[in-house]
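Please open the structure in your viewer and follow the stops below, selecting each part as it comes up.

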Amino acid sequence: MSNPADKSALTDLTVAEIRDGFRAGDFSAREVAEAFNANVAAAKALNAFIVETPEKALEAADAADRAKAAGEPLKPLAGVPIGMKDLFCTEGVQTTAASHMLEGFTPTYESTVSKKLWDAGAGMLGKLNLDQFAMGSSNETSYYGNVISPWRRGGGDNAALAPGGSSGGSSAAISARLCPAATGTDTGGSIRQPAAFTGISGIKPTYGRCSRWGIVAFASSLDQAGPMARTVRDNAILLETMAGFDPKDSTSLDLAVPQWEANLSSDLKGKKVGIPREYRPDGLNAEISAMWDRGIEWLKDAGAEVVEVSLPHTKYALPTYYIIAPAEASSNLARYDGVRYGQRDLPDGAGLQDMYAATRALGFGPEVKRRIMIGTYVLSAGFYDAYYTQAQKVRALIARDFEQAFEKCDLLLTPTAPSASFALGEKQADPLAMYLNDVFTVPASLAGLPAMAVPGGLDAQGLPLGLQIVGKALDEQTVLNAGLAIEERAGFTARPEKWW
Amino acid sequence: MSIDLQTVKKIASLSRISVTDAEAEAMVPELNNILGWVEQLGEVDVTGVEPMTAVIPNTLRLREDVVTDGNVRDRVLANAPQAEHGFFAVPKVIE
């Protein structure tokens, strides 16, 4: 492949196509890495990457090409370059969690999930921008600037749109063809909502499937890593590599990793799909509602039976989340003290306590401070039971709702987000309005269930809308299969028109 | 219940985040908005419900009581803002 047209075609390939085409000798791994490196270098306007690592992508590609030339067995992801959310510690490459606090922090170790990907032959194109410490739904809290969605509204409206958050660098980069796939992390919707906003797919597996070791912690009982890509198959491929038991994470599940890709099937005969009535409140956006109805028809067409179910505590999921997640964050982020790593601010004559307070005032952005302070308050003496213990009890009820619903069905279908992408700045002034974006994604997070976003279509403005599939604990296969059934029927081929 | 300026300053102090008076004042309505909203959880009947601490049934493992790492002092100190003589250095603490 030598002409430029072919090079651009390489960046349109899926992970599966790159993997298989490289094996078949259609192109070299180096050609693929060079093509994506070029796209990354030409897309500064999106601000999707905090650090670019073209040399890492080439290094992995050259290793794959050498192995192929020598006739050695090829690794599962040989020849596939990916983006890494800058929440995963990468040895020798700056890891910031999009914060000033960790600016310059260069881990001396590799996160378990990223190590599994590199060991499988994947190459790193760079570290992807995100909301600071993964706290946000629009990628507007990054210390390194907003990520701009490659999508624009139709009709000549050039307003910069949110790529979703917190995995907004990942979603923007994939939909703009800067990488075929990327890692994300999901605490309350941070894989699914950005996937929906940019017309791609992403799956948050069951809590405990992917090791949290080496991922900058936000809310430990909720945080889960997962893949983001343009197809369901690609998500299955990556998740197989990312998942697996890790003795270094006490909540890691000691279970074999299923062969999700080999078992993909869009035949849903015998499956029951639950439609939770609480997810269709009065005033639900009509286009979202219509897309949801189309999704229901697609699953019926795939052989599934549709039943209505009830998740009565749904309206309490967001307030529960906004107690539990800040509480855990306030505890997790106590580690940033200016002593062991990250920034230090030591005013003249300051003592140790003053140094802590000055360092944290300097290193954290406004949303991070807000959440730490909410968390500190709900855990403080006199308020702990009223807020935190109550939230843990309501969380148990939310999980019980799902258990009872799953007595009547095998999976749930809902919209991913209550709206399409919004303009940057539109919701920034009101934290509560921003939090409401996660209304459909947070309940599954609180219950630890596998959940996936797949594109469902475009709205009248030409922006992507996503459907969410929620499965039983450990049943990623049914989630992926339903995702595939939707993908085959939605025929979603829209892509952002290049302006960057 | 609503929180006042003094409470915001107290929370900031407990959080070890220094705030100016102007910042603290701006946070009073913001935090009250969020706390007022989460207080709706109080209306949920949780009689007999145990607080949830683990979402997926799992038991905490015990591993063999053996040394599995160590001897990485320089790597541990590599990112310290100030490391001296093999230690983390902090301002003088005299109690």
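Predicted model: local features only at pLDDT ≥ 70, side-chain atom pairs only at ≥ 80, totals over all residues.

The serine belongs to helix H10 of chain A, which covers residues 317-332. Is A:Ser330 buried or exposed? Its relative accessibility is 9%, and because buried means under 20%, A:Ser330 counts as buried.

For a distance along the way, pick the C-alpha atoms of A:Ser330 and A:Asp345, which are 15 residues apart along the chain and separated by 20 Å.

**A buried asparagine in a loop**

Next, move to A:Asn129, which sits in the loop that runs between strand E3 (123-128) and helix H6 (168-175) of chain A. With a relative accessibility of 0%, A:Asn129 counts as buried. Now show A:Gly145 as well: its backbone oxygen lies 3.2 Å from a polar atom of the A:Asn129 side chain.

**An enclosed helix**

Select residues 232-242 of chain A, which form helix H8, and ask how many of the 11 residues are buried. Nine of them are, so the helix is largely enclosed by the rest of the structure. Among the buried residues of H8(A) are A:Val232, A:Ile237, A:Leu238, A:Leu239 and A:Met242, and the list also includes A:Asp234, A:Asn235 and A:Thr241. Just after H8(A), stop at A:Gly244, where the backbone takes a positive phi of about 130°.

**The whole chain**

Finally, clear the selection and display all of chain A, which has 16 helices and 11 strands. The radius of gyration of the chain is 22 Å, close to the 23 Å that the globule rule gives for 500 residues, so chain A is as compact as a globular protein of that length. Turned along the principal axes, its C-alpha atoms fill a box of roughly 65 × 60 × 50 Å.

Colouring by accessibility brings out the buried residues, which make up 66% of the 500 residues in chain A. With a surface display, the accessible surface comes to about 16000 Å², and 50% of that belongs to carbon and sulfur atoms. Colouring by charge picks out 47 positive and 58 negative side chains, two sets whose centres lie 2 Å apart. As for contacts with a separation of 6 or more, 77% of those in chain A are between residues 24 or more positions apart.

Notes:
Residues numbered from 1 in each chain as written. Chains lettered and ligands numbered in written order. Heavy atoms only, no water. Helix = DSSP H or I, 4+ residues; strand = E, 2+ residues; numbered from the N terminus. Rg over C-alpha atoms; globule rule 2.2 N^0.38 Å. Buried < 20%, exposed > 50% of the residue type's maximum accessible area, 1.4 Å probe, protein only. Contact = heavy atoms within 4.5 Å. Areas by Shrake-Rupley, 256 points an atom, 1.4 Å probe, with all protein chains shown as cover. Lys, Arg positive; Asp, Glu negative; His and termini not counted. Charge placed at Lys NZ, Arg CZ, Asp CG, Glu CD. Polar contact = N/O pair within 3.5 Å; in protein donor to acceptor, adjacent residues only side chain to side chain.
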